[in-house]
Amino acid sequence: MRVTLFIPCFIDSLYPNVGMSMVHVLERLGHTVEFPEEQTCCGQPPFNSGYWDEARSVASKQIDVFKDAEVVISGSGSCGAMFKVFYPELFHGHAREVDAKALSSKTWEFSEFLVTKLGVADLGARFEGRATFHDGCHGLRELGTKQAPRELLKHVKGLDLVEMTEAETCCGFGGTFAVKYPQISTAMAEVKCNSICETKADYVISNDSSCLMQIGGWLNRNVGSVKCLHLAEVLASR
Amino acid sequence: MNTLAEPPSQQFHSDANRSSTDAPRRAAVRRALSNYQTARNRTGATFTDWKSARASAATIKHEALNHLDRYLEEFEQKFTARGGQVYWASDSKQARDYILELAKKNNVRAIVKSKAMTGEEIHLNQALLAEGYGVVESDLGEYIQQLKGEPPYHFVFPCMHLRRDEISDLFHRELGTAKTDNPEELTMIARRVLRRAYVEADMGISGGNFIVADTGMISITENEGNARLTVGLPKIHVALIGIEKVVPRLADLALFLPMLATAGTGQHMTGYNSMYGGPRQTGEIDGPEEFHVVFLDNHRTRLLADPEQRDALHCIRCGACLNVCPIFKNIGGHSYGTTYQGPIGSVITPHFRGLEDWKHLSGASSLCGACTETCPVGIDIHHHLLHNRRNAAAQKPAKGEQLLWKAFSFLMKRPSLYRFAMKFAPLGGLLHPLVQGTPMDPVAGWTGSRDFPAAPLGSFRERFRAHNAAKQSAAHTGGAR
């Protein structure tokens, strides 16, 4: 299958390894991976801030970029939810509503694409360590992704996956919220990270790098020992 | 707590910042709510199909609100036929004035009140006290808050933030009772005061959980029996209820009563569920001589006029969205400065009290959606926070922020410029001057409490290009061999 990657701006600039891991996993499965260089940002920051006209003009650009894609795979549940759930609302009653819905229907979150669309759970990955999984809120509640990443991680040899009590609790990132309300955001990160530490895990894995930036940012400052990994990085390791 | 001395957004910022670093209080609130969660999970599981129950509840409330005029009038007709009186209050002042006038006309001296958030909403106690009436809150939590001189912390659990020793100290200070750590003893102290208040009161004021149209009755749900005494003993009863509380049929309560109990406290059914249909009838030996229902609009019709957000009026005030909200758990109820705290409060307060003054509550959310997931009547709570943000930006854009998003959009529509920016000024260094020194400055807001990831060598797009080039050259070499 020809799969088109949507690599959100912060993965592009801060977590290139996440994108490359997605490429490796998909290529190993025999798919042709493409990455249209014209893509930039999904437009979520202005959208969440209430500036929908500005968001729409950015979104419109992405609709053009992915027009010819067969399927679009996102490495972030949050940016994926922007395409899948919020574009149809953003363009509701606007000229490009049909195009927005078309992009929405062919967009997949990475783990959901592997498990639900392709029916693959065992990628032959090997990763030694004790890990816990963080459900990013947008992936979990906007896209309904809960089991797919766990299904994939269950098949990773050497990985000891333990659930934390606060797996579904928000890490406190929330995009611009994290900098508009840093104290509240940090208090939320603390709750999340304490729950991670309770599991005695060496790694916290998620299907959303934006949450991991928040979790990692707090852990590095306060704990130091727990490492953050994107699901794709674990699945790509041998 | 909003002292009205400073704008609500400033009060929110300072209170939320203070509470989110109050570790012991945060831990106490989290502990209380984790007990709730355990009970709720257990009770919720006893519904054969919670999802369908939720869909039915939403459908019934939708129907009720779409024909609000018809159902409220049906209630009025049935209720007045039994001698009850209905007053339609457009706003807080009308509601307050009606109740004050009633008290004056009847030479009322003492008033006992059961839990009613509508009372908080219209500042009823303050108005009554200012006119010299004695008012005693009869719900234990509300009584404690009244003694403390604080508004409720949570609209279902008014004093959930207090420890037993704090309550004991409060009783000791205000009532002169001996200090105790025993919850039963604390309850008995309050009961002694309250029993006297019921007997002495000549007016009882309550809220109402449901307005039942087809029988013309109000339904009150409680765990302490205090509302029964508040309604039953004084000679005049006033029920102050928001107009959105209507359900069409008595049969609807078969769904709503267990649902409210489950979502609200994790009980199968609340301790006492009573229906009140009017004053004492001929031949009856007890009950109030006069029974007034005050229907409160107070901008609920403004919310009703908004097709996008009118489902917020489905709310049965169970408080479940507060109980699961990570913001509420970390900043606590008083930071909101509103009658209705938590996610639902952040949605409706801008409609009730003005978007410009209350938009910050919609901004103070990570939009995690736990509220929407838990809401028993299917209100799209967290998406309404987004709608409020959009409406606020459209109504009065913040100049600096608008400029930032315009610049952002300019950049993101131009991939070559974006690539250039990413290469030479990673992560929006280009945009930084626009926000430097403002609350939007990501660097200052972030690095105060969290590390920033180390910049990698090369972006994804550079690595992908190199990866493809290597693949091609390998294929080429392979082909030539």
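A residue is counted as buried if 20 or more other C-beta atoms lie within 10 Å of its own, with C-beta atoms placed from the backbone. The legends below describe a predicted model.

Figure 1. Among contacts in chain B with a separation of 6 or more, 74% are between residues 24 or more positions apart.

**Figure 2. Close-up of the contact between chains A and B.** Chain A contributes 53 residues and chain B contributes 56 residues. On the side of chain B that touches chain A, at least two residues each come from α1 (8–19), α15 (326–331), α18 (370–374), α19 (381–395), α20 (399–412), α21 (415–424), α23 (442–447) and α24 (460–480) of chain B. Of these elements, α20(B) provides the largest share, 7 residues. Sorted by class, this side of chain B comprises 28 nonpolar, 16 polar and 12 charged residues.

**Figure 3. Close-up of a four-stranded open sheet in chain A.** The strands are paired in parallel and follow the order β6-β5-β7-β8. Strands β6 (157–161) and β8 (227–230) of chain A form the edges, each pairing on one side only. On average, and with direction ignored, neighbouring strands of the sheet are turned by 40° against each other.

**Figure 4. Detail of the pairing between β7 and β8 of chain A.** Strand β7(A), residues 203–206, pairs with β8(A) in the parallel sense over 4 bridges. Within this part of the sheet, Ser206(A) stands opposite His230(A), a residue of β8(A).

**Figure 5. Close-up of helix α9 of chain B and its surroundings.** The helix spans residues 164–175, 12 residues in total, and extends 16 Å from its first C-alpha to its last, close to the 16 Å expected at 1.5 Å a residue. Its buried residues are Ile167(B), Ser168(B) and Phe171(B). Viewed down the axis of α9(B), these buried residues fall within an arc of 100° and therefore line one face of the helix. They pack against α8 (140–148) and α10 (183–200) of chain B. Asp165(B) and Arg173(B) are exposed and lie on the face of α9(B) turned away from its buried side.

**Figure 6. Detail of the residue following α9 of chain B.**

Key
Residues numbered from 1 in each chain as written. Chains lettered and ligands numbered in written order. Predicted model: local features only at pLDDT ≥ 70, side-chain atom pairs only at ≥ 80, totals over all residues. Contact = placed C-beta atoms within 7 Å. Nonpolar A, V, L, I, M, F, W, Y, C, P; charged D, E, K, R; others polar. Pairing = 2+ DSSP bridges. Axes fitted to C-alpha atoms, helices over the stretch in contact; angles between N-to-C directions. Expected span 1.5 Å × (residues − 1). Buried ≥ 20, exposed ≤ 12 C-beta atoms within 10 Å, placed from the backbone. Arc of directions from axis to C-beta.
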